[in-house]
Amino acid sequence: MTYRKKLIEVALPLDAINQGSKPETENPFLKGHPRSIHNWWARTPLSISRAILFAQLIDDPGNDLPPDEAQKEREKLLDFVANLATWDATTDKRIITKAQEIIRQQFQGQMPEFWDMFGGRASIPLEAQRLGLKVTSSDLNPVAVTIQRALLEYPPKFRNRPPVHPHPSILKEGWRGLTGLVEDVKWYGEWIQQQAAKQLAEVYPKGPNGEEITAWLWARTVTCPNPVCKAQIPLVRTFVLSNKSGQKVWIEPTIDRSQQPPIVCFEIRTGKGTSLEGTVSKNKGATCLCCSTSVHFDYIRSEGQAKRIAVQLMAMVAEGQRARFYLPATREHENIAALATPKWQPNTDLPEQALGFRVQRYGFTKHTDLFTSRQLLVLTTFCELISQARDSIIKESDGDFEYSNAVTTYLACALSRLTDYCCAFTNWNAKNENVAHLFQRQTISMVWDFAEANPIYGKLSFSVASEWVTKALSSLPVDSSIAKVVQLDARKGFDSCQNLYVISTEPPYYDNISYADLSDFFYTWLRAILKEIDPTNFATLVTPKEGELIATSYRHNGSEEKAKQHFREGFLQVFQNIYKQASRDVPITVYYAFKQEEEEDKENHSERASTGWETMLEGLVDSGFQVTGTWPVRTNKKARTRAISSNALASAIVIVARPRPETAPSTTRRQFVNTLKRELPDAFQKLQQGNIAPVDLAQASIGPGMAIYSRYSKVLESDGTPMPVRTALQLINQTLDEFLAEQEGEFDAETCFALIWYEQHTFNEGLFGDAETLSKAKNTAVQGMVDAGILTAKAGKVRLLCRDELPKNWNPQTDNRLTVWEATQHMIRELQDGAGNQGAANLLSQLGTIGEAARELAYRLYNICDRKGWAAEGVAYNSLVISWPEISRLAAETEESTPLQMALL
């Protein structure tokens, strides 16, 4: 079967696409981003979704033109894709209109239909809608479906409509776009806040001198197990309130021993001084401030399960004219909070066991346990007021239920968004002096001291949350057609549908995220408001779990094998549906990110694979698809919470696939391995040249390897049985390892020695005799490497120098024995502890060709760290490669300015 290749199957401006995603991945507060409407855990940047989809739709010029002409036309298209792949293009009507015209011309004047069966937060379907496609977006999760309705369905339906609230402002240009809808959401959001503030004024009191309190800082407490003491132990992670230079503020605990048991009190300290360390740590458990008794976590858990974990107010945060200031806790404020009584609370159960949940073993077993009683009171009050607002909107709009439902949905999203900050598991951020939201990670983890925000005043109030929602509406494609949003199990697809769709999707990542369990946190509040509006979507007490395509053993009686089977069979069904319903003229694209961390010992030889990749790819290949292209795209913020001091993936792999021809040949294992060795090194080289992060290299290499594997109807082992995907993955990884090892031939002898020694000892000591033997094999000498500044040799022991032992005034141009190893370690030291990117750039500008070799060495060293499980050390090498584009740019500027500086001298 022949087909016309699409641009994405031939070329992409990958660097430009990844650079274009930076505003979205690096700025969590990007104005007008649709993510402001609601939290979700899969966050493919809009710019990447748009560029990938466009390149997926448009023919490559090589289908019709001779090579030279095709390349010229291709470069024009790639330049356009690079411009399309920016945040600014999101609202640039000129470039979006041009993209729509090119697509329309490609499809003879008719826009194709699009379907994303794992719509999630709607990043991909939103860009399909922006490009003018007829969009269907679906998901099993009701929270995701609600987000999709808010982003895809309501905006085009209610564009150019005036507001209905009683006091609309006057606009000379009329109510264009979503200005009317935005004004209604803002007005009713402010009205709800004002009403709540009136009703709950006594529950949210001001400070002793009339100060507006924006947050209350609490510590959980347990009774000291020492029978002589019995004091309440405040469980505090840190007593620091502000880390800002010149404004250090901390809580000073004091002990009132005049009472029995003694009582811990708190005072506010500022200026010079040192705060006391927290009373609880991950490794040590807790310590009683009154008697210094060590308290094991087992005791704390047992107290929690017995519902004997209490809370104590430590401090209050007030808002001044120019800065925040801190007030000591008062018994009055503590009592008022304790006496608040909610009218309703979400008594649904937390999962007994779930990925990302840590709180149940401390006695927090229901969703209501995740909130204080005062938070429950204010949130239920907001629910009631939103319902009242809906009644008002129906009246003011002359019975327009559809419009009232839309505004109500946005107000419900504002409340749901607010709960991310308004719960009892949010930390106080001493660096920024604010309340950190709950879902910084995809977990609900135990928090000892927590910050309770004021939701009726300040920057975390309901009216502010409603503004977050309206800001998300400012960048939506309101002139596009109304999307069809459906709650749907992706395994079932559209049974009676005869349409063929353009398909691009981001499915769940095996067992990385428990979407349904986590989203129940939001679902309970959304359901309280929206079950009358959308009874089908909110029919169940909690989100559907059975059909969710993740591999979690706790849903299968603890069986990992059954969880794996559920995932494998589910994805086979999904891809079979896609095979039947995908356009035959356009390839499908699938975003996937799952780190390969599994090792198998085969006759003392470790082989790496990944069950997450294996099961997903089995579904893809077994349903009849072949991979025709793969692209690593930067989808995550490199400085996000999980990535700091870890080796979390920063990229997803976009897999491009088409139906495999029925005439596809089979091949043997030997031929398959030979093809891998012949074709993959070039692909690996291109990945490195594209500056793929070392942490992402292994998963990025899966794509070109599977493109080879899936081109055959089957790969036969020596006994005639088909080779499974897992074996293919192991062979692909083995080829990658060989490629990285072969790069060692380009390094100097001292660096080759250091590589092997590092793999055996890292920076620890080894025997001099072993080092001497290895040095001879590498055609160097131990003393020579001591002279080169690579290692130290004393008392029969040899050790590589740590980075903090390297000379700080090192100058490559005066080093008589310059090595790639030394250059790499010095650049990392500058990057981490010196002058950052500029310091590393200054070195790079002096290194010449050794500079590029240093980057290749970083890949090799990361590979070693990854295999050995040295996560913290691996971060250093990963960071160097990630920072390389900026370091290179700064180095080029340094080199350009040097001749001028010399002339001026």
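This is a predicted model: local features need pLDDT of at least 70, side-chain atom pairs count only at pLDDT 80 or more; totals for chains, interfaces and linings use all residues.
Reader: Why is Asn18 called buried?
Author: Buried means under 20% relative accessible area, exposed means over 50%, and partly exposed is in between, with a 1.4 Å probe and protein chains only. Asn18 has a relative accessible area of 18%, so Asn18 is buried. Asn18 is found in helix H1 (residues 14–20); helices (H or I, at least four residues) and strands (E, at least two) are DSSP runs, numbered from the N terminus.

Reader: What does Asn18 touch?
Author: Contact means heavy atoms within 4.5 Å. Not counting residues up to four places away in sequence, Asn18 touches Ile48, Pro632, Val633 and Arg634.

Reader: What makes Trp187 and Tyr188 an edge-to-face pair?
Author: Rings of Phe, Tyr and Trp (its six-membered ring) pair if their centres lie within 6.5 Å; planes under 30 degrees apart count as stacked, over 60 as edge-to-face and the rest as tilted. The centres of the Trp187 and Tyr188 rings are 4.9 Å apart and the planes stand at 80°, so the pair is edge-to-face. Trp187 has a relative accessible area of 26% and is partly exposed, whereas Tyr188, with 1%, is buried.

Reader: How do you know that Phe439 and Phe521 are edge-to-face, and what parts does the pair tie together?
Author: The Phe439 and Phe521 rings are 5.5 Å centre to centre with 85° between the planes, and the pair is edge-to-face. Phe439 lies in the loop between strand S14 (434–435) and strand S15 (449–453), and Phe521 in helix H14 (residues 515–530), so the pair ties together parts that are 82 residues apart in sequence. Both Phe439 and Phe521 are buried. The two also belong to a cluster linked by ring pairs, whose members include Trp40, Trp344 and Trp525.

Reader: How do you know that Arg374 lies over the face of Trp216?
Author: A charge sits over a ring if NZ of Lys or CZ of Arg is within 6 Å of the ring centre and within 35 degrees of the ring normal. Arg374 lies over the face of Trp216 at 4.2 Å from the ring centre. Arg584 lies over the face of Tyr579, at 4.9 Å from the ring centre.

Reader: What makes S17 and strand S1 a pair?
Author: Two strands pair if DSSP finds at least two bridges between them. Strand S1 (residues 113–116) and S17 have two bridges, in the parallel sense, and the bridge partner of Phe114 in S17 is Val502. Two bridges also join S17 to strand S18 (residues 588–592), again parallel, with Ser504 opposite Thr589.

Reader: Which way do the residues of S17 point?
Author: In a regular strand the side chains alternate between the two faces of the sheet. In strand S17 (residues 502–505), Val502 and Ser504 point one way and Ile503 and Thr505 the other way; all are buried.

Reader: Why is one side of S25 and of S26 left without a neighbour in the sheet?
Author: Three strands form an open antiparallel sheet in the order S25-S27-S26. Strand S25 (766–767) and strand S26 (791–794) stand at the edges with a single partner strand each, so one side of each has no neighbour in the sheet. S26 is joined to strand S27 (residues 797–800) by four bridges.

Reader: Is Asn779 buried or exposed?
Author: At 69% relative accessibility, Asn779 counts as exposed. Asn779 also has a positive phi, of about 60°, and its place is in the loop between helix H21 (768–777) and helix H22 (782–787).

Methods: Residues are numbered from 1 along each chain as its sequence is written. Side-chain values use heavy atoms; hydrogens and water are left out.
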